[in-house]
Amino acid sequence: MEELFNGVKAFNAEDYQDNKTLFRDLSRRQNPHTLFIGCSDSRVIPTLITKTMPGDLFVVRNIANLVPYYRQSGEYLSTTSAIEYALNILKVENIIICGHSNCGGCRALWMKEEELESIPHTRHWLNLAFKVKDTVLRRQDMDDDIKRERITEQINIVQQMNHLVTYPGVKERYRQGKLNIYGWYYIIGTGEVFNYSRDRQVFEKI
Ligand SMILES: [Zn+2]
């Protein structure tokens, strides 16, 4: 824990001092251009992999970077309210859904019921990705677990992009070119990020 306290001191003494003007400007308002929806995984750091500064990204992170299908509901508010706020108040121009390799949340989709007993809320949350599993099961090329893992993670990203379009106004703004929607796949072990091409239906290295 001491490491974290020392980190706070170093941040204030060094990083803050180096960017004092930026922080002072940001204290009055934020105007992020992008909503970044990523996994809660400790290895996925949005500002690190995009080399962005405070004020650039409005971030929502949850297990397996899921976007609940839009409906009037009191469920999953943490994620749906962040998306709503980014769209209607901050009026972001871009939305990135960033999945990643070695995702524990995506792996949990394949766990047995008894393995999920100790994490009932996580199990309920992952129900939002049930279609992903169905899509993977329909494919004939799942030779091994590693391939299945990667395909699950990638199909999940595309599925969540589709869910995003169900939010009020998103489809119109997307069609009018006022909103860009991206699906990214980050590989932890290589530091590479792949961007989904809707035309070619593949992830292409950025
Ligand atoms: Zn993850």
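**Entry 1: Cys98**

I started at Cys98, which touches Phe36, Ile37, Gly38, Val44, Asn65, Trp184 and Tyr186, leaving out residues up to four places away in sequence. Two residues are in contact here if their C-beta atoms, placed from the backbone, lie within 7 Å. I noted that this is a predicted model, in which local features need pLDDT of at least 70 and side-chain atom pairs count only at pLDDT 80 or more, while totals for chains, interfaces and linings use all residues. Residues are numbered from 1 along each chain as its sequence is written.

**Entry 2: the core**

Which residues touch the most other members of the largest nonpolar core? I found Leu35, Ile37, Ala64, Ile95, Ile97 and Cys98, in a core of 36 residues. A nonpolar core is a set of buried Ala, Val, Leu, Ile, Met, Phe, Trp, Tyr and Cys residues joined through C-beta atoms within 7 Å. A residue is buried if 20 or more other C-beta atoms lie within 10 Å of its own, exposed if 12 or fewer, and partly exposed in between, with C-beta atoms placed from the backbone. I then listed elements that each supply at least two residues of this core, among them strand S1 (34-39), strand S2 (57-62), helix H4 (77-88), strand S3 (94-100) and strand S4 (180-187). Helix H6 (120-126), helix H7 (130-138) and helix H8 (145-164) also each supply at least two. Helices (H or I, at least four residues) and strands (E, at least two) are DSSP runs, numbered from the N terminus.

**Entry 3: strand S3**

I looked at how S3 sits in the fold. Six of the seven residues of S3 are buried, so this strand is largely enclosed by the rest of the structure. S1 and S3 pair in the parallel sense over five bridges; two strands pair if DSSP finds at least two bridges between them. Ile37 stands opposite Ile97 in S3. S3 and S4 also run parallel, joined by seven bridges. In that pair, Asn94 stands opposite Asn180 in S4.

**Entry 4: the last strands**

I followed the chain on from S4. S4 and strand S5 (residues 192-197) pair in the antiparallel sense over four bridges. Trp184, one of the residues that Cys98 touches, has Asn195 in S5 as its bridge partner. The hairpin of S4 and S5 has four residues between the strands, and Gly191 takes a positive phi near 75° there. S5 then pairs with strand S6 (residues 202-205), antiparallel and over four bridges. Tyr196 stands opposite Phe203 in S6.

**Entry 5: positive phi**

Most residues other than glycine have a negative phi. Gln201 is not a glycine, yet its phi is near 55°. It lies in the loop between S5 and S6, a hairpin with four residues between the strands. Is Gln201 buried or exposed? Gln201 is exposed, because 8 other C-beta atoms lie within 10 Å. Tyr76 has a positive phi of about 55° and is not a glycine either. I placed Tyr76 in the loop between S2 and H4. Tyr76 counts as partly exposed because it has 17 C-beta neighbours inside 10 Å.

I checked the length of H8. Its 20 residues should span 28 Å at 1.5 Å a residue, and the end C-alpha atoms are 28 Å apart, which agrees. The expected span is 1.5 Å times one less than the number of residues. The buried residues of H8 include Thr152, Ile155, Ile157 and Leu164. Trp110 is partly exposed, because it has 13 C-beta neighbours inside 10 Å.

**Entry 6: the whole chain**

I ended with the overall numbers. The protein chain has nine helices and six strands. Its radius of gyration is 18 Å, close to the 17 Å that the globule rule gives for 206 residues, so the chain is as compact as a globular protein of that length. The radius is taken over C-alpha atoms, and the globule rule is 2.2 Å times the number of residues to the power 0.38. Of the 206 residues, 26% count as buried.
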